[in-house]
Amino acid sequence: PDELKANMKIKSVTPRPPRKPRLERAASLDEKNWRRWRRFRTSQESLTDPNETSSSNGSLQEASLSPPVRGRATPCSQCCEPNSLHSSPDASEASPMGKSRGSTSDLGKRASEISSAFGGLLRGKAFAGSKPRLSQIMPARPLPPMELNVASHTLRTANRIDSDFMDYRHYSQHKFGRVSSSLSDTRLHGNGMVYDNCSTDSMKSTFSLLTPIRSKDVRSRSYLEGSLLANGALLGAEELSRYFPDRNIGIFVATWNMQGQKELPVNLDDFLLPTDPDYAQDMYVIGVQEGCPDRREWEIRLQETLGPHYVMLYSAAHGVLYMSVFIRRDLIWFCSEVEYATVTTRIVSQIKTKGALGICFTFFGTSFLFITSHFTSGDSKVNERKLDYNKTIQALTLPKNVPDTNPYRSSSSDVTTRFDEVFWFGDFNFRLNKDRETVDSILNQNPETGVSKLLAYDQLTSEMSRGSIFKGFQEADIRFRPSYKFDIGKDSYDTTSKQRTPSYTDRVVFRSRYRDDIHAVKYSSCPVIKTSDHRPVFALFRVKVRPGRDNIPLAAGQFDRELYLIGIKRRITRDVQNRRVQKDQKSSSICSIS
């Protein structure tokens with residue numbers, strides 16, 4: 001067929017006027033049979049195999065109404081009968097012109113030629129497998145090159161999932177805070193991001209497909225050495241953009257003075273998983289002061305609440321100071337080795353109720369430092385608390401083996417200058433310089449505007465403005481009531497004989513080497529947890545992450561597997577018990593006799 005097509009030459013036919021006018025002849029029997037067979041065959045193929053005939057149904061239907069006119073071909077016209085369908089546009093346009101001039105004789109001759117030609121087609125000369133072979137439709141313009149991504153550029157732009165889309169960044173941040181890689185079909189359709197199942201599959205594949213790994217990279221790379229611009233680096237820009245297109249990570253930081261209570265809250269969902277915003281964070285860091293006696297039980301409860309999507313990267317303790325770091329399980333490969341250090345601020349170092357605990361590691365190319373502290377208590381002991389701060393930043397020996405990402409901006413006398421992002425949280429014990437009656441009257445008059453009035457008497461706010469403590473640190477706007485001191489199990493402040501003044505003792509502050517790297521999303525307390533005289537305080541952050549080098553000691557996916565299994569088993573057991581209770585409540589009935 002290729003040689004025949006190459007040798008075949010199609011010429012246009014110029015109509016000539018007839019010599020003598022004749023009456024129009026009716027269609028022959030062969031032509032009628034051909035038309036009847038063509039209609040039947042078209043309908044049969046559209047029912048049996050729509051995929052192969054869908055593109056040719058239109059042309060076949062048009063042909064059934066008016067048989068195609070065959071142009072002049074090469075001498076081997078008999079063997080090229082199948083290609084007679086490939087007549088030129090000029091020839092197809094010539095027949096109506098001739099007909100309008102009354103060329104009945106030529107029409108009769110051509111009708112007979114068509115009937116004989118298609119009679120040969122019906123005898124099997126041009127059909128393979130009883131199906132017509134139509135000419136290949138060539139596009140008028142060259143097709144655009146295919147991308148490596150499964151979702152085409154047009155489809156991704158139409159469904160607002162292209163990173164270059166004009167309103168994509170604003171729209172995604174407004175809806176999700178950060179585009180998540182685990183968007184469900186219901187959520188995608190409900191938020192108007194996609195409009196059909198095809199678009200849903202396209203969008204999900206854009207965020208969930210793994211990047212192919214070249215064989216030479218598997219052979220050559222050890223991921224123990226590399227550079228910032230190395231292609232295929234584990235901590236490089238390509239891998240970072242795949243997991244975080246906007247290069248922002250969500251971090252949950254919380255502090256809670258448990259007052260050494262053995263009893264733990266029944267449910268920690270309102271604490272760790274607040275309903276606003278509606279998406280979970282990538283990292284959870286929880287610091288505890290005066291922790292419960294059973295530290296392992298506390299960590300199990302945290303794992304049970306966060307569920308199977310998170311693993312505990314590291315945990316450390318300094319007396320009754322606890323800190324636990326949880327991270328999404330698919331991100332553990334991008335963390336360096338985790339290091340920690342402790343500082344005791346009491347004169348007697350054996351008593352570890354006051355002090356600081358620091359944990360540090362590098363995520364991709366950004367170094368993090370988390371410090372939880374419990375400073376000296378007392379309304380008037382502001383100077384003692386400032387001494388605790390100074391001792392902590394000088395004596396906390398971090399980092400140890402993990403290299404500093406920017407040693408030129410570090411100071412040997414301040415540990416907070418040796419990391420890109422620093423979060424300091426805990427029971428700082430700073431009080432309000434006001435008597436109890438005045439504080440109560442402010443809170444009772446207008447709880448919303450009363451907070452700003454109370455902060456005018458806050459010791460920590462005053463000292464930070466002077467630069468005497470937490471130099472370079474910031475704090476998000478406080479819009480919640482004082483977290484200390486409550487009656488256990490109640491919403492009322494201290495009703496004992498001491499009548500302690502409510503204060504903002506539990507705080508979360510942060511600093512960064514680079515401007516605008518940390519953005520506070522939410523800063524609040526959890527009033528539903530009432531097992532201690534302190535209310536838990538938490539903050540949500542969006543932190544910018546930079547690509548890193550592969551020459552740092554990696555954690556290699558290390559996490560507490562035993563804790564993970566125990567927490568998940570408890571979660572399953574709790575769910576089964578809740579289902580049984582609900583089932584028993586539905587099946588039970590109460591009969592009353594009147």
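Two strands are said to pair if DSSP finds at least two bridges between them, and strands themselves (E, at least two residues), like helices (H or I, at least four), are DSSP runs numbered from the N terminus. What you see is a predicted model, in which local features need pLDDT of at least 70 and side-chain atom pairs count only at pLDDT 80 or more, while totals for chains, interfaces and linings use all residues. Residues are numbered from 1 along each chain as its sequence is written, and side-chain values use heavy atoms, with hydrogens and water left out.

Let me begin with the sheet. Strand 1, residues 248-257, runs antiparallel to strand 11, residues 537-544, and eight bridges join them; within that pairing, Val 253 has Ala 539 of strand 11 as its bridge partner. Both belong to an open sheet of six strands with mixed pairing, in the order 3-4-2-1-11-10. At its edges are strand 3 (310-318) and strand 10 (518-525), each of which pairs on one side only.

Which strands does helix 14 touch? Helix 14 packs on the sheet, with contacts (heavy atoms within 4.5 Å) to strand 1, strand 2, strand 3 and strand 4. Nine of the 12 residues of this helix are buried, so the rest of the structure largely encloses it; buried here means under 20% relative accessible area, with a 1.4 Å probe and protein chains only. Among those buried residues are Trp 298, Ile 300 and Leu 302, and also Glu 299 and Arg 301. At the start of helix 14, a side-chain oxygen of Asp 294 comes within 3.4 Å of the backbone nitrogen of Arg 296, and just after the helix Gly 307 takes a positive phi of about 85°.

Not counting residues up to four places away in sequence, Phe 370 touches, among others, Val 253 and Phe 423.

Finally, is His 374 buried or exposed? His 374, which lies in strand 7, counts as buried because its relative accessibility is 2%. Its side chain and that of Asp 427 are joined by a polar contact of 3.2 Å, a polar contact being a pair of N or O atoms within 3.5 Å where, within protein, one must be able to donate a hydrogen and the other to accept it, and residues adjacent in sequence count only if both atoms are side-chain atoms.

Methods:
Buried < 20%, exposed > 50% of the residue type's maximum accessible area, 1.4 Å probe, protein only. Axes fitted to C-alpha atoms, helices over the stretch in contact; angles between N-to-C directions.
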